[in-house]
Amino acid sequence: MAKRKQEKTGPGKSDYAIEVSGLSKTFGTGEKAVKAVDGVSFTVRKGEVFAFLGPNGAGKSTTIKMLTTLLQPTAGQMRVGGLDAFLQQDEVRKRFGIVFQDPSVDDELTAYENMEFHGTLYGVQRADLSGRIQEMLGFVGLWDRRDDLLKTFSGGMRRRLEIARGLLHHPEILFLDEPTLGLDPQTRNHIWQYIQKMNREEGTTIFLTTHYMEEAEKMADRIAVIDYGKIVAEGTLFELKKKTKSKSLEGAFIALTGHAIRAEGAEPGRVMRMWHGRR
Amino acid sequence: MNAVYMLWLRQIKKYARSKSRIVGALGQPLLFMVALGFGFGPIYAQAGGGDYIQFLAPGIIAMSILFTSIFSGIEVIWDRQFGFLKETLVAPVSRYEIMLGRTLGGATAGLLQGIIVFFVALAMGLRPDWDLVPAALLVAALIAVFFTALGTAIASKMDDMQGFQLIMNFVVMPIFFLSGALFPLEGLPSGIREATSINPLSYGVDGLRAALTGVAHFGLATDLTVLLGLTAASVALGAYLFSKIQA
């Protein structure tokens, strides 16, 4: 594969889409302080599909929020698209697109209006916009429902709209935070195929999180596993399996993060209680 | 600029689609006009104040603008709760433009609400000076922008809807009741007098009253100057606090 070759020659500085070093985020202060992300460092090469895996509350979404300028880090450096993601926020926002883990659509607008709003904010040319919207709504099977308010949509339909919207414009870097959560296998396949095509044909860098291990296995060039705010392993699928002597990514994941079930949701307080309980 | 327009349009669509909100925001001014206007009318006339409806109508118009605008601003909290705020915050548009679009949209909704109540007041006996209606519109627009930006500023510092009732009771209601919307500002006891003179809405009510009925306490020029300054300040504050939001 072309990517292997790149690895051998060793990437220059400009070959990185994302560079993170010593990134930390602490919520609260004093006794109640919770380190959601604790000194995380990793790099993602341009054109790479990078899977960021971890149990619930491990710090995945917090990391993505910092990389996408939604949250201010407590410490550390991060560069996205070659720019300082904290100091050059307005510029950085032009480099990436994102599909959020939790809902971010407007219930009071129609499917079409949600897409139009997004396209306009992301600077999609007026002449291209309606064609792109039709294409993407058609892609997720929502074109017939384009004039319905989002509040009449089912959970799966909303999810599909979120994805169609995230893919409306083609950014350099695409963050996908558990994009396929709650979708049926047909839709998931369909969407991953599209993303793979974007990655191959346009060289879009993909940064994804998912709980479906087979998705990461199939998609990712490299995988990092985060737990309790720290990266516990990083490498190709092959390297992770070898390191943990596992047959599958699922096996490697469990070997790395243990069998304990985590508090649902990433509410810092709850994570903290779990954490202290364990120590 | 397209982004500002899009955000403005979204606020307008949301306002136009929330029929219950428009009707609700009409019911309250109507109740005030009927209960206070006709209730206190005779006493007000006996005390030598003249036509109370004429006096009250500008105050009630200002009230409806205040409520609609400040809630449009506070909608930032709803957007945060339902997740849509993130969508705007990661877009490749500066936070100032986003705040500006939202504020202009919310203010337009507030202004529309004020115009609707103006027609209600006409039906109930308001006899405005039509020549100065454009000046009244300007005052109304300033009230609308000021309070939408103020609502945005407050909402930018709030994490959830818990504080909403607090704002209602300790910000919105005092602003309304201590504005001269319901009673003349002349001859007030000290304390109330100071409170009304530092209340931004006092200048809005006075400006509307001056333009629509020719009766003023501070004077239209003073009202406009004060409102312009305050509006610039609240937009600057709102834009600053909005730009600091973390989601």
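Which elements of chain A do the buried residues of α6(A) pack against? Before I answer, some conventions. This is a predicted model, in which local features need pLDDT of at least 70 and side-chain atom pairs count only at pLDDT 80 or more, while totals for chains, interfaces and linings use all residues. Residues are numbered from 1 along each chain as its sequence is written, and chains are lettered from A and ligands numbered from 1 in the order in which they are written.

Helices (H or I, at least four residues) and strands (E, at least two) are DSSP runs, numbered from the N terminus. Residues are in contact if their C-beta atoms, placed from the backbone, lie within 7 Å. A residue is buried if 20 or more other C-beta atoms lie within 10 Å of its own, exposed if 12 or fewer, and partly exposed in between, with C-beta atoms placed from the backbone.

To the opening question: the buried residues of α6(A) pack against β6 (96–99), α4, α5 (126–139) and α7 (185–202) of chain A. Nine of the 12 residues of α6(A) are buried, including A:Arg158, A:Glu162 and A:Ile163. The end C-alpha atoms of this helix, residues 155–166, are 17 Å apart, which agrees with the 16 Å that its 12 residues should span at 1.5 Å a residue; the expected span is 1.5 Å times one less than the number of residues.

Two loop residues of chain A deserve mention. A:Thr69, between α2 (60–67) and β4 (75–80), has a positive phi near 70° although it is not glycine. A:Thr69 counts as buried because it has 22 C-beta neighbours inside 10 Å. A:Tyr228, between β9 (222–227) and β10 (230–235), is likewise not glycine and has a positive phi near 45°. A:Tyr228 has 20 such neighbours inside 10 Å and therefore counts as buried.

I turn to chain B. The axes of α6(B), residues 133–156, and α9(B), residues 200–213, come within 8 Å and cross at roughly 165°. The two helices are therefore roughly antiparallel, a label for angles over 145 degrees. Axes here are lines fitted to C-alpha atoms over the stretch in contact, and angles run from 0 to 180 degrees between N-to-C directions. Among the residues making this contact are B:Val139 and B:Phe146 of α6(B) and B:Gly204 and B:Leu208 of α9(B).

Finally, the interface: 23 residues of chain A are in contact with 20 residues of chain B. On the chain A side, helix α4 (residues 111–121) supplies the largest share, three residues.

Key. Contact = placed C-beta atoms within 7 Å. Parallel < 35°, antiparallel > 145°, perpendicular 65-115°, else oblique.
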